[in-house]
Amino acid sequence: FVAKKEGFKITPPTVLPSAALPFLSFQNRIKTSPKNLNQLFNFASAGPALGLISSFTFLMVGLQMTLTMDASQLQYAPSVPVGFLNLSSLGGNIVDYVLSGGTGDGIILKQDPNTPIQLHPYAIGGFAGMMINSLDLIPIAGTDGGRMSHALLGRPGHLAFSSIIYGGLVLYTIFSGHTDIILGYLFVNSFTQKDLEIPSRNEVDNAGLGQATIALILWCIAILT
């Protein structure tokens, strides 16, 4: 929708696989040059922003529906292990806060990582959606987060920033227990995001302060997630 509104063409979306999540992300290639970096930013930020909002909505609705389910309904509800909930700081704490009755004591997240937690399907879908959209916001190569970085910093600045982020993710993978998702993300993107983005017709003028504010908010949410 945004690409059509801004007047440039993109390829159909390609689903990128993931072992730990329903899928890793969608990949769209830009076929014709955007007018400027503002258009590139608007295109890159629209999908993850809408995805995070809808995922958060599904998570909250699903958690409320979980609370209204009786014991006979819960035994047929799908479950996820505590270890999966701990993969997302923001999502896991939201689940814990709501299901613990707003006490914030961390009752659920402190259980054994293999303990199954029954949740309404909407809650599981919303939780996974938040993680998927947050991964897409990571500013490396030609991801949506990378396009946002490109629009704000210019091509040379983005390449340098992207390299720093990539190196940081590698170190994070080595020293954390989240290798299943992050390592898979880096592996898939090393093959799918290796081509340079098609240049905008105007790459001299970077995106403005408003776009920088939006990027900062989205990146902060991604870090928390």
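This is a predicted model: local features need pLDDT of at least 70, side-chain atom pairs count only at pLDDT 80 or more; totals for chains, interfaces and linings use all residues.
Trainee: Let's start with α2 and α7. What angle do they pack at, and how far apart are their axes?

Mentor: The angle is about 150 degrees, and the axes of α2 (residues 37-68) and α7 are 8 Å apart.

Trainee: Roughly parallel or roughly antiparallel, then?

Mentor: Roughly antiparallel, because angles over 145 degrees count that way. The crossing of α2 past α7 is left-handed.

Trainee: Which residues make that contact?

Mentor: From α2 you have Leu37, Leu40, Phe41, Phe43, Ala44, Ser45 and Pro48. On the α7 side they are Asp144, Arg147, Met148, His150, Ala151 and Leu152.

Trainee: And how does the α2 contact with α7 split by class?

Mentor: Nine nonpolar, two polar and two charged residues.

Trainee: OK, switching to α6. How do the axes of α2 and α6 cross?

Mentor: They cross at roughly 155 degrees and come within 7 Å. That makes α2 roughly antiparallel to α6. α2 passes α6 in a left-handed crossing.

Trainee: What about classes for α2 with α6?

Mentor: That contact has 12 nonpolar, eight polar and one charged residues.

Trainee: And α9? What are the angle and axis distance with α2?

Mentor: About 35 degrees, with the axes of α2 and α9 11 Å apart. The crossing is left-handed.

Trainee: Who meets whom between α2 and α9?

Mentor: Asn38, Phe41, Asn42, Ser45, Ala49 and Leu52 in α2 meet Gln211, Ile214, Ala215, Leu218 and Ile221 in α9. By class that gives seven nonpolar, four polar and no charged residues.

Trainee: Now some single residues. Where does Ala207 sit?

Mentor: Ala207 is in the loop between α8 (179-192) and α9 (209-224).

Trainee: Is Ala207 buried or exposed?

Mentor: Buried: its relative accessible area is 12%, and the cut-off for buried is under 20%.

Trainee: What is Ala207 in contact with, leaving aside neighbours within four places in sequence?

Mentor: Leu37, Asn38, Phe41, Ala151 and Leu152. Also, the C-alpha atoms of Ala207 and Leu153 are 8.1 Å apart, although 54 residues separate them along the chain.

Trainee: Next, Thr143. Which loop holds it?

Mentor: The one between α6 (121-136) and α7 (144-175). Thr143 counts as buried, at 3% relative accessibility.

Trainee: What does the side chain of Thr143 reach?

Mentor: It reaches the backbone oxygen of Ile138, at 2.7 Å. A polar atom of the Thr143 side chain also lies 3.0 Å from the backbone nitrogen of Gly146.

Trainee: Last one, Leu90. Which helix is it in?

Mentor: Leu90 is in α5 (residues 89-99). At 27% relative accessibility, Leu90 counts as partly exposed.

Trainee: And which residues is Leu90 in contact with, again skipping neighbours within four places in sequence?

Mentor: Met130, Ile221, Leu224 and Thr225. Leu90 and Met130 are 9.2 Å apart, C-alpha to C-alpha, and 40 residues apart in sequence.

Note on methods:
Residues are numbered from 1 along each chain as its sequence is written. Side-chain values use heavy atoms; hydrogens and water are left out. Helices (H or I, at least four residues) and strands (E, at least two) are DSSP runs, numbered from the N terminus. Buried means under 20% relative accessible area, exposed over 50%, partly exposed in between (1.4 Å probe, protein chains only). A polar contact is a pair of N or O atoms within 3.5 Å; within protein, one must be able to donate a hydrogen and the other to accept it, and residues adjacent in sequence count only if both atoms are side-chain atoms. Axes are lines fitted to C-alpha atoms, for helices over the stretch in contact, and angles run from 0 to 180 degrees between N-to-C directions. Angles under 35 degrees count as roughly parallel, over 145 as roughly antiparallel, 65 to 115 as roughly perpendicular and the rest as oblique. A crossing is left-handed if the near helix is turned anticlockwise from the far one by less than a right angle, and right-handed if clockwise. Contact means heavy atoms within 4.5 Å. Ala, Val, Leu, Ile, Met, Phe, Trp, Tyr, Cys and Pro count as nonpolar, Asp, Glu, Lys and Arg as charged, and the others, Gly among them, as polar.
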